[in-house]
Amino acid sequence: MDSSARNVEHTVNSAAFPRQFARTRRFSLGVPRQFTVSPDGSRVLFVRTGSGTDPVGRLWQYEDGKEQLLADPALLVGNGSGEVPEEERLRRERARERSVGVVSYATDDAARLVAFALSGALWAVRTDEGAPFSVPAAGPVVDPRPSPDGRHIAYVSRRCLHVVDLAGADRQLARAEGPDVSYGLAEHVAAESMHRMRGYWWAPDSRHLLVARVDTGPVERRYMSDPADPTKPPRAVPYPAAGTPNAEVTVQLRSLEGGRIDVQWDRKAYEYLVAAGWDAHGPFLTVQSRDQRILRTLTVDPATGATELRHERTDPAWVEIVHGTPARTASGDLVLPEDDGDTRYLTVGGRRVTPRGLQLCEVLGVEGEQVLFTGSEDPLETHVWRHEPGHGNRRLSRGPGRFTGVARGGTVVLAGVTPRGAEARVLREPAAGAATDQDAPYEVIRSLAEEPSVTPRPRHLTLGERQLRGALFLPSWHEEGTGKLPVLLDPYGGPGMQLVGRARGWFTCVSQWFAEQGFAVLVVDGRGTPNRGPAWEKTIHGDQLTPALEDQIDALRAAAGHCGDLDLARVAIRGWSFGGFLAAGAVLHHPEVFHAAVAGAPPTDMRLYDTHWKERFLGHPDEQPENYARCSLIGHGHLLSRPLLLVHGLADDNVAAAHTLRFSAELLAAGKPHSVLPLPGATHLPADDAVNEQLHFFQRDFLREALKGRTEED
């Protein structure tokens, strides 16, 4: 292709990408997800929308190399086009759900009965016969889950826990005693900060349940209104800001016959319910102290509700929560993480079973004595591993990428993001003890996602003394050595998320699009980002801002040594959420390096964010106020001397719009010019396609104007 044809293609694709990005919901539509494998490994259930632009989720079954559509909302009465209950809306928002229709489901132990909710109505389908059928329910349904034997379905309605049989006989197991009480739902900090999205768990006998009771009465209220529609009354939201009271969470054992037993533990010392479950060995809990330095695994006596300490983890900074733990093998061995220096190990029965340098990321499941988990040997990749006693650890996922998975009955579904995009593979494992499965054949569950109109071209770099992992994106039309490019740093840079990897995620496509607009785009994962070991994560304890900014600056200078076309006299930074906080902090504290910033949904006042997340890193604000003052942008607005664009959704109930509004007021009072773009009706991740499309162009034009005409002397 000659240069003129290449330029035409670049212009067309660059103009088309923002619209494609928006209507594909960040290229998530059409991707198969939420996999369940039947006990014999012959069948795989999953959710997938109808195409790369169709937002309606459908339930599918994969068997013998063929796909079968089990439930299509368009063919059902009450097909998901109605109003979603408020509790379900919150669950979807916290899960960052971008589709409608069948967005989640649960099955019995045999994976024969599947339950799901559509616009508050309860539906079920049998995978071996017939069409979906409605199940009468007492009210709008949230989080329906069949009993292990498939004879009942539990669900939450109006904050009460119900159980219904398939004939429609409904019983209320737990009734909310007041408007602040709920049964069977996860409270805000559990869903946002602990990865616990559930509030009840069936017993294997299908006659009992372990149920969380949440009382938000002590929690501060925030009032969410819609400034674009002043006729709407404000909505009260319980939000436990740092240093304020949490919801009171207790646990009960409930029977289908109406029995109730309260589970007992020292709630004053351990107020957080991190995880819970009920397996063949009985019910169990994981509880955590308010300062998060102690995490305890407790077994529960189902006859009395008394608890017994089985394991305790401690850490002088905080005990990191590893999703999927604790778990127990068939023999009763506890499956837990163990931190030691620069490695997070997997332990089974108190014994380390993974080597130094392989970072445990998540436990995906236990079958018999085998443990399926994700681990990272290289910060650029995450793989699925199987631990089997007597045979050690086998890596199941192949090729570069970031993978997760589910396994049962000798079948493993490996889902992840590779350099080619999202993929889902079905691997039929060789016999136990086989030396390798790297050459075993696999089947593919089709992805219907659209191919991005922009092809990411990352150059992976290891930068500076701390071996920071970075990716440099240059315009496809740029020939190195022919001229300087303004630089745009495009980080997240905080706990819980890695952006740099050998995978084509939506964020790599966005970085490349900004590169096509004429920027050299640099993405860096600094200290505090996950999967590089406990010591790396906990470097930020007490200060989430200084190390993060140091890493971005060091990486920028090191990257300029790798590529002489980076113009350090024209450097901008953009980000969202923690990335937005980092972007605004960069122009406040280091205007000699950063010349413009776009900060989306930035948490500017650390005291306004929630207890579990913020106290984990900064401590209690009444005990360590200096940490909050050091990291907050509020109080430092007088330092601003560079162009800054603040963007915030006015319906954001995670990082409240008050963060941006208060910071903007401080900047105005200090006489510091800046720009604010409010997004009416938008939550933490704006859902409106037109807004998401135009945000790309708005940011680009702001940054171009801000950097225009700058020289080294400026």
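How many aromatic pairs does the count come to? I took rings of Phe, Tyr and Trp (its six-membered ring) as paired if their centres lie within 6.5 Å, with planes under 30 degrees apart called stacked, over 60 edge-to-face and the rest tilted; by this rule I found 14 aromatic pairs.

I noted that this is a predicted model, in which local features need pLDDT of at least 70 and side-chain atom pairs count only at pLDDT 80 or more, while totals for chains, interfaces and linings use all residues. Residues are numbered from 1 along each chain as its sequence is written, and side-chain values use heavy atoms, with hydrogens and water left out.

I looked up Phe21 and Trp506, whose ring centres are 5.9 Å apart with planes at 55°, so the pair is tilted. Phe21 lies in helix 1 (residues 3–23) and Trp506 in helix 4 (residues 506–516), 485 residues apart; helices (H or I, at least four residues) and strands (E, at least two) are DSSP runs, numbered from the N terminus. Phe21 counts as buried at 5% relative accessibility, whereas Trp506 is partly exposed at 30%, where buried means under 20% relative accessible area, exposed over 50% and partly exposed in between (1.4 Å probe, protein chains only).

I then turned to Phe46 and Trp60, which are stacked because their centres are 6.4 Å apart and their planes at 10°.
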